[in-house]
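Take a look at the picture, then read on.

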Amino acid sequence: MDIGEKIKELHTSLPQGVELVAVSKFHPVEAITKAYEAGQRIFGESRVQELLVKHEALPKDIEWQMIGHLQTNKVRAIVPFISLIQSVDSSRLMECINREAERIGRVVDILLEIHVAQEESKSGWDYDELVAYLQSEEAATLHNIRIRGVMGMATNTDNETVVRADFDRLASHYTEMKQHFGGEFNTLSMGMSDDYMIAIECGSTMVRIGSSIFGNRY
Ligand SMILES: *Cc1c(COP(=O)(O)O)cnc(C)c1O
């Protein structure tokens with residue numbers, strides 16, 4: 001299947017209520033254009049420099065999302081146009097995004113990345129530390145970010161039981177937080193090319209799919 005066919009296939013096969021983020025990192029503008037022409041509008045990138053170049057080159061009705069680790073010194077460059085920052089993994093980053101958004105009079109949507117995988121190398125909040133921070137006075141002053149939900153990655157393994165347990169844990173954190181946040185907190189971003197079907201069974205509302213749309217990255 002080519003890129004356009006794959007996008008159309010995903011648009012018809014993903015269940016209602018599951019949003020597709022096409023992860024276009026490391027793939028050229030031409031590849032993104034093919035997905036765009038097939039109707040895809042939401043794209044995820046993991047590096048700021050690459051995101052800026054693509055944002056400049058491509059149609060303005062694309063919703064760009066940041067899915068990779070974000071350094072605070074790169075926040076200012078993306079805050080004017082980014083539609084969702086998925087990979088928010090520290091209080092310092094939350095405060096930085098809030099400050100930059102306030103500076104230009106925007107409210108920026110974010111997800112909180114929670115660490116659920118077994119690998120220590122994976123990024124994200126420790127859930128208990130996140131909850132403690134969200135109850136703090138500092139967190140209560142962040143009026144220029146809107147917390148829309150959580151994001152996470154499962155352990156990188158073929159063992160489906162392990163992957164499912166990671167997604168179940170993330171889903172239960174999401175459900176617990178949703179009771180506190182309510183309405184606008186409605187996004188559970190989990191599932192990539194190799195595990196998105198399991199993620200959907202565990203309650204995902206947003207899948208981030210790269211290689212199965214665009215092919216392998218080099
Ligand atoms: C690269 C990436 C994806 C997409 O991974 P694929 O296996 O290519 O589908 C999803 N989420 C994050 C955070 C990524 O960095």
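Let's start with a definition: on a 1 Å grid over the protein atoms alone, a cavity is a set of points where a 1.4 Å probe fits but cannot get out, a pocket is an open set with protein on both sides within 12 Å along at least five of seven lines, and lining residues have an atom within 4 Å of a point. A word on the source: this is a predicted model, where local features need pLDDT of at least 70 and side-chain atom pairs count only at pLDDT 80 or more, while totals for chains, interfaces and linings use all residues. Residues are numbered from 1 along each chain as its sequence is written, and side-chain values use heavy atoms, with hydrogens and water left out.

So what turns up? There is one cavity of 30 Å³ or more, and the largest cavity holds about 30 Å³ of space. (A volume is the space filled by probe spheres set on the grid points, which are joined across faces, edges and corners.) Around the largest cavity sit E113, I114, H115, V116, A117, K122, S123, G152 and M153. Sorted by class, that lining has four nonpolar, three polar and two charged residues. Here Ala, Val, Leu, Ile, Met, Phe, Trp, Tyr, Cys and Pro count as nonpolar, Asp, Glu, Lys and Arg as charged, and the others, Gly among them, as polar.

The largest pocket has about 700 Å³ of space. It is lined by 29 residues, and the closest to its centre are K122, M153, M192, D195 and R208. The pocket lining splits into eight nonpolar, twelve polar and nine charged residues.

## Two helices and Y127

Helix α6 (residues 127-134) packs against helix α8 (residues 160-181) at an angle of about 5°, and their axes are 12 Å apart. Helices (H or I, at least four residues) and strands (E, at least two) are DSSP runs, numbered from the N terminus. Axes are lines fitted to C-alpha atoms, for helices over the stretch in contact, and angles run from 0 to 180 degrees between N-to-C directions. Therefore α6 and α8 are roughly parallel to each other (under 35 degrees; over 145 is roughly antiparallel, 65 to 115 roughly perpendicular and the rest oblique). On the α6 side the contact (heavy atoms within 4.5 Å) uses Y127, L130 and L134, and on the α8 side H173, E176, M177 and F181. Those residues come out as five nonpolar, one polar and one charged.

Setting aside neighbours within four places in sequence, Y127 is in contact with I114, H173, E176 and M177.

S46 is in the loop between β2 (42-45) and α3 (48-57), and counts as buried at 16% relative accessibility. Not counting residues up to four places away in sequence, S46 touches K25, F26, M66, I67, G68 and H69.

F26 belongs to the loop between β1 (19-23) and α2 (29-37) and is partly exposed, at 37% relative accessible area. Its phi is near 70°, a positive value in a residue other than glycine. Most residues other than glycine have a negative phi.

I104 is in the loop between α5 (91-103) and β5 (108-113). Not counting residues up to four places away in sequence, I104 touches V79 and P80.

How values were computed: Buried means under 20% relative accessible area, exposed over 50%, partly exposed in between (1.4 Å probe, protein chains only).
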